[in-house]
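Please have the sequence and the coordinates open while reading.

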Amino acid sequence: MGGWTGKVLRVDLTTGVISKESTDKYKPYLGGTGLAYKVLWDEVPPGTDAWDPANRIIFGVGPLTGTGAPLSGRVSVTSLWPMHPESLPATGHMGGHWGPELKYAGYDSLIIQGKAASPVWIYIKDDVVEIRDAGKMWGNGIYRANAEIMNIMGPEAHVAAIGQCGENLVRGSNVMCDRSHSAGGVGSVMGSKNLKAIGIIGTGALKVEASKSAWKDLVHYQHTILGANSGGVVPNTLQSWQPDGYYGGTRWTAAKGLFWGAASPPVETGDCTADDLNSIGLRTFKGYADFGPGVGDKHTVKIQGCHGCPIRCHIATDVPALEQLGVSRYQVNTCNGNSSGSGFTIGITSRSENNITASQYGVALCDDFGWWSDYGLAQADFKWLAQHVLTAEECTAAGIDPVNAGKTPYQYRLTAAEYAKLPWAKFTGSDFVGKMDFVKAVMIQIKDNRMADGTPATWEKMQAGQPATLGAYIAVGAGRLEKLWPELAIQHQENKATPSAINYVKMGHIKHHFTESSDTVQAAALLNMMYNRDPMCHTHTNYTGNGLPLALQNEIFNELFGPFEGGNAIDAELAAPDFLPTPMNKAKAVFAKMCFLYMELHNSLTLCNYTLPGWASPLKSRNYRGERNLEAMMYSAVTGDAKTAQQLEDTGLRILTLFRADTARRMNEKDMRNKHDLMPEYAFHAHSGAGTLDHADWEVAKDMFYEECGWDKTTGLPTQATYDRLGLSDVAAVMAGAGLLP
Amino acid sequence: MAGIKKAIVVGPGAGGTSKEMEIGKVAEYIHKIVTRREFLQVTGAVGLGAATFYLIGCGGSSSESVAPRQVFVANAQGMLVAEPSRCVGCRRCELACSEYNDGVSKPSIARIKVGRNFNVGPQDATTGFGRGEGIWGNHRIVQDVCHQCPHPVPCQLACPNGAIEVVPPVNARVVNAAKCRGCGICTKACPWAMTSLNGPVDGASTKATKCSLCNGDPECARMCPVGALKYVPWQNVTKDFPPRQVVPASIQLAADVKDTCDKCH
Ligand code: SF4
Ligand code: SF4
């Protein structure tokens, strides 16, 4: 079969045994996150802690990874999640070139288990796999790990490494590859295993089953369907070449006269017409879009991204002012990574020179330390804890003596000595360099992760009431901190006076394209309730953010997945003062389901869920229709295992259902509907900029969604019939044994 | 020996008669492919040359029934030029190259090479990390392309099997898989390391890969999503690019062409 190499690599760090096993067992789950769910289900018993040597960390790639299927450079890094108080399964998603390199080395995924006696790294050069000493690298950042491994393996090596955050068991830590690509949340699992890095050189071949010419035609076809990053199929500003004058709301931000200004010589992004396949990679001018005119374009060297991706979304910058701050003027990251460090500042004007400098300074620190901001929750919480002045009522509600009214939570919770360790005057002051000093001071405290007495911070010590540094309270993660500090739990639920739009959802995690995706409020809420971290799903926003008129979006969706009675999937702008979406309906339930299934498929095949699906296209000649079958066509052509879209969607449902079962089994919870599928209180209260959930309608939404998936409505658990239909009867047997069949 | 700018002196060497060739005639030869036999005939060096040829020649080339090997070759009609400032490092060019030419996804044999410069540029990790090019430096990503060298073409003339041929109409220097024996000498002979082997050295089915310009419509350029690769009329850029590797002293002109070269140089 093409696409797969046929072997999965397993490294046991306790025994030092390196083995290669057949991929066949995992093919019903494709690869990536699907393969990883299967590994966790089969091998890691309920009750295992994320940092237990028995936990696995699976670097999952799939049959398409490393092939010429566009957008196939991604890796799903799945494990029991250390951010989550209950160690439930979750995935961090990493792009770059590391995943394809693993395939070229000959492996369909990498499973790591056990714990090394001392720090190690894994050397993979095609057939040669070795566990090597990482004593010299340990204690250093990700940059040093990359440099050392490239020195050993050669400059073409691709390295996935953790920084000091992962080593020091900061729960919000990541593993990063190729400088700017991070899998959030899982760094400390590597740290707990004494694993610093994995270096790979792969020189082998991946077979494509289709004939050369058929494959070439298919890849060309997919290129014609693609728009821009985040699914945009029309430009963001009015372009004379756009035949219907459609524009707006997309990341297709290139235009005549807009340059990658820091390229040498500068590169004009230009017209980027829909049919010009040699400018796809110029369409998404994210530097300009994110950092603003006159700033972002000036400092953009180019837009980087993953292997095999024509779209590009990582902003490579040149900010000479960084040299005064002691870091390289050249930085690269995207989206939330660009505010990880600068999130610890206030009072910097957005879209200013200082803004990009602060952003890229933060990148330089965070991407070396390997810190993950929990999609911005850490900084949002930090700002609230640092700035919000508690009232007497809030104190009482949180069980704090009301004499502490007038203090901020940090002033109340930290010891005076610990509080004084941070240069707060620089935080509130107006001096820019001072603000950067503050960022650095916080970042160092986070990566060191210490109790006030200087010993390594642990959750147990915190629970026992021992004082910790501010950095350690960030490092422990929001899900635990809110248990320790009830005022934070209340704030998470009520979301009052947050000096940031970023909100907590539930069970230790933040939202991601939640009810602020106001055109698909119910689907967005369903996505946010399902996973054990922020859902990292973009299927919904990529489709509804494609820039086409609403009526056309609904028309295309109905053509592909309908027809539906009872209303459309996508809503028009919601009206003040209630911001209520139209009631839940069948189209919305199917839309939500497809968003889940395609995300699971993308994370398993692997393809990029930050740009796909391709349900719409930029082509007027196709009346903007895209292709529901893209994933199935790619999969079938590469592997030779012919599948229709519907069949592949069932595979997606198999993966999602296995994940659901595994989550329920680890929680030992039959009432998933009420114990796992929670919503924060604030989601039911109207505020501008977001849709509002209605309690009764939300219950209908869950009913309809469970039903779509073949899950029981009362419990939210998959039924025996669904397990059987999806080839998961063995899973059903285990669930029955645990009393978890509905 | 006269300077090449004025004329080349050809002849059988010591004891034989020398002959000067007009510059116009040289130009004419540059624009066509000349086999060793034709070359010797035109230059009047058939007798000795041919004798030497048959004595030293190796492999299939030594038989009269096999087409005589090319020595003095026409310039290419076109070439790829790459713009590092545009390159976003997606490596779709490498994928197009190996998938559409070889039917497998295998960047290590792609005839355009981006991956090896991706991290730190053409430098090594010690000198390039954080200081040079690539994602760990100034974000400049250098795409290495075959220069379709003019005569003397290093890869072509080093190949002991005469397997690198010049194929009209674009006159790219192309590996003839039927003749290639996978010895890997060309991978050492190219100063820019632009040829690769698709298997182990001397492996039973190992063949070399190098840029063929896809008959004048290079797949990599068609695929590049930022227009960083262009197919343009050929010009000699070999002096503009610092060599990537030192050609080992052991790599010399193939035995069956060396003697011919001596006649001019
Ligand atoms: S396809 Fe173009 S942008 Fe991508 S690596 Fe090749 S030359 Fe660079
Ligand atoms: S492979 Fe190297 S030696 Fe041969 S033509 Fe190309 S650049 Fe010249």
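Why is helix 2 (residues 98-105) of chain A largely enclosed by the rest of the structure? The reason is that 8 of the 8 residues of this helix are buried, where buried means under 20% relative accessible area, exposed over 50% and partly exposed in between (1.4 Å probe, protein chains only). Helices (H or I, at least four residues) and strands (E, at least two) are DSSP runs, numbered from the N terminus.

The model is predicted: local features need pLDDT of at least 70 and side-chain atom pairs count only at pLDDT 80 or more, while totals for chains, interfaces and linings use all residues. Residues are numbered from 1 along each chain as its sequence is written, chains are lettered from A and ligands numbered from 1 in the order in which they are written, and side-chain values use heavy atoms, with hydrogens and water left out.

**Enclosed elements of chain A**

- The buried residues of helix 2 of chain A are A:Trp98, A:Gly99, A:Pro100, A:Glu101, A:Leu102, A:Lys103, A:Tyr104 and A:Ala105; just after this helix, A:Gly106 takes a positive phi of about 115°.
- Strand 6 (residues 109-113) of chain A is likewise largely enclosed by the rest of the structure, because 5 of its 5 residues are buried.
- From strand 6 of chain A, A:Ser109, A:Ile111 and A:Gln113 point one way, and A:Leu110 and A:Ile112 point the other way.
- Strand 6 of chain A pairs with strand 1 (residues 7-12) of chain A in the parallel sense over 4 bridges, pairing being defined by at least two DSSP bridges between two strands.
- Strand 3 (residues 57-60) of chain A pairs with strand 6 of chain A in the antiparallel sense, also over 4 bridges.
- A:Leu110 of strand 6 stands opposite A:Leu9, and A:Phe59 stands opposite A:Leu110 as well.
- A:Met94, in strand 5 (residues 89-94) of chain A, counts as buried at 0% relative accessibility.
- Among the residues that A:Met94 touches, not counting those up to four places away in sequence, are A:Phe59, A:Val75, A:Val175 and A:His181; contact means heavy atoms within 4.5 Å.

**Interface between chains A and B**

- The contact takes 57 residues from chain A and 44 residues from chain B.
- About 3900 Å² is buried between chain A and chain B, 57% of it on carbon and sulfur atoms; buried area is the accessible area (1.4 Å probe) that two parts lose on being put together, summed over both.
- The count between the two chains is 1 salt bridge, meaning a side-chain nitrogen of Lys or Arg within 4 Å of a carboxyl oxygen of Asp or Glu.
- That salt bridge joins A:Lys216 and B:Glu219 at 2.4 Å, N to O.

**Salt bridges within chains**

- Over all chains, the count comes to 46 salt bridges.
- A:Asp42 forms a salt bridge with A:Lys25, with the closest N and O atoms 3.5 Å apart.
- A:Asp42 lies in helix 1 (residues 32-43) of chain A and A:Lys25 in the loop between strand 2 (18-22) and helix 1, so the pair ties together parts that are 17 residues apart in sequence.
- A:Arg665 and A:Asp662 meet in a salt bridge (3.1 Å, N to O), and both residues are buried.
- B:Arg244 and B:Asp144 meet in a salt bridge (3.2 Å, N to O), and the pair ties together parts that are 100 residues apart in sequence.
- B:Arg244 is partly exposed, with a relative accessible area of 30%, whereas B:Asp144 counts as buried at 14%.
- A:Arg10, A:Glu21, A:Glu43 and A:Arg56 are linked in a network of salt bridges.

**Ligand surroundings**

- Ligand 1 is surrounded by 13 residues, the closest being B:Cys87, B:Cys90, B:Arg91, B:Cys93 and B:Cys224; a residue is near a molecule if one of its heavy atoms lies within 4 Å of it.
- By class, the shell of ligand 1 has 9 nonpolar, 2 polar and 2 charged residues; Ala, Val, Leu, Ile, Met, Phe, Trp, Tyr, Cys and Pro count as nonpolar, Asp, Glu, Lys and Arg as charged, and the others, Gly among them, as polar.
- The residues around ligand 2 include B:Cys146, B:Cys149, B:Cys155, B:Cys190 and B:Lys210, and its shell has 8 nonpolar, 3 polar and 1 charged residues.

**Backbone features**

- A cis peptide bond joins A:Gly562 and A:Pro563, with omega about 0°.
- The peptide bond from A:Ala576 to A:Pro577 is cis too, with omega near 0°.
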